Amino acid sequence: MNLDDFRGIWVFLEVSDGRIAPVSLELLGAGRQMADKRDVPLAGLLIGDGVKELAHTAFPFGADQVYVYDQKIFHEYRTESYMRAVIECVQKHKPEIILYGATSTGKDLASAVATDLETGLTADTTMLDVNAETGLLEASRPAFGGNIMATILCKKHRPQMATVRPKVMKALEPDESRTGEIIEETMELREEDIRTKVLKIVRETKEKVRLDEADVIVAGGKGLGSKEGFALIHRFAERIGATVGASRDAVEAGWIGHEHQVGQTGVTVTPKIYFAIGISGAIQHLVGMRNSGLIIAINKDPNALIFQACHYGIVGDAFEIVPLLMEAFQKEPD
Ligand code: FAD
């Protein structure tokens, strides 16, 4: 494989509810910086049915080009059909890097493509950079149980690939004056060639906890001591109109459901305000909330790691501090 044949940075543009998923726009922001550093084009790869018009969304967010496969066979996401389109496009245009959102679609597609192309994939990346000279993608993520941050390189294969969770990268401020080129592609693929058929899509009706969209999160940890103790977090959140988050240890203790978990194996959040109460600040928790606008920590151990990651820290017992805060929030402003 001649690595010099590969040039340009791509972002897989995932379509969700009839629009380009926010994570894909965030990745265009990260991709733009790397493309400028390398002086190569940034392209989006858009696959679907009736999606061509969506390509225009990508230009204000930094894309120079969008490759589009707009065919009926891509109406629903299926690993096999999408994977074949990505592989065909890669073999034709040879990008050096491809980024995907670490969504269920992105993770499924990226791993299938990596296996077929026999190239490397870094999953759940939290930091991305590229070496301007060598073109090596530097994809960093917590490793060895979160005890270290590992930067993973793919030296001998192309394209270099990574998945990145929603909200980890920042989208660029859209510049509506930016335009780009739409490159239409078609794939010879018949329905009979695809082994899976989508018979029905059943949407979950249970109300979802939208931690990733919350403006204010009150998160509680093992320091609350018990399920009854954790109720303090619910009361505080309700008082200030916040969403409840939790550390993994609080979830594992059965005090709250996993959908509330923040961190490496939970949700990545970027609220305007994040209260971390009775949470020690393990790296696996921090990677999920450290990009919050304002972090306020309450912990009775002055040496807790969370105090190194917060903007305001209160050393004290949550059961004394939180009621005082609740009282203060109830007061009418002077
Ligand atoms: P602890 O570490 O036990 O901390 C409790 C804190 O509460 C202490 O700092 C203590 O001083 C304080 N405290 C005690 N009593 C009070 C009180 N009355 N008032 C105020 N403070 C008090 N963790 C996550 O959160 N999210 C993840 O996604 C995640 N993924 C993981 C993935 C892997 C592969 C691994 C190995 C671990 C993961 N973890 C994750 C677990 C993580 O390493 C920590 O174990 C966990 O975050 C600790 O939870 P905690 O801070 O609630 O509990």
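**Before you start**

This is a predicted model, in which local features need pLDDT of at least 70 and side-chain atom pairs count only at pLDDT 80 or more, while totals for chains, interfaces and linings use all residues. Residues are numbered from 1 along each chain as its sequence is written, and side-chain values use heavy atoms, with hydrogens and water left out.

**Stop 1: the two domains**

Select residues 1–191 for domain 1 and 214–330 for domain 2; such bounds come from an automatic or database domain assignment. Their centres, taken over C-alpha atoms, are 34 Å apart. Eleven residues from domain 1 and twelve residues from domain 2 make the contact (heavy atoms within 4.5 Å).

**Stop 2: the interface**

Between domain 1 and domain 2, about 810 Å² is buried, and carbon and sulfur atoms give 41% of that. Buried area is the accessible area (1.4 Å probe) that two parts lose on being put together, summed over both. A salt bridge here needs a side-chain nitrogen of Lys or Arg within 4 Å of a carboxyl oxygen of Asp or Glu.

**Stop 3: a salt bridge elsewhere**

Searching the whole structure gives 18 salt bridges. To see one of them, select arginine 178 and aspartate 64, whose closest N and O atoms are 3.1 Å apart. Arginine 178 sits in the loop between E11 and strand E12 (181–185), and aspartate 64 in the loop between helix H2 (55–58) and strand E5 (65–70), so the pair ties together parts that are 114 residues apart in sequence. Helices (H or I, at least four residues) and strands (E, at least two) are DSSP runs, numbered from the N terminus.

**Stop 4: two backbone details**

Next, select proline 159, in the loop between strand E10 (148–152) and strand E11 (160–164). A cis peptide bond joins arginine 158 to proline 159, with omega about -5°.

Then go to lysine 94, in the loop between helix H3 (79–93) and E6. Although lysine 94 is not a glycine, its phi is positive, about 50°.
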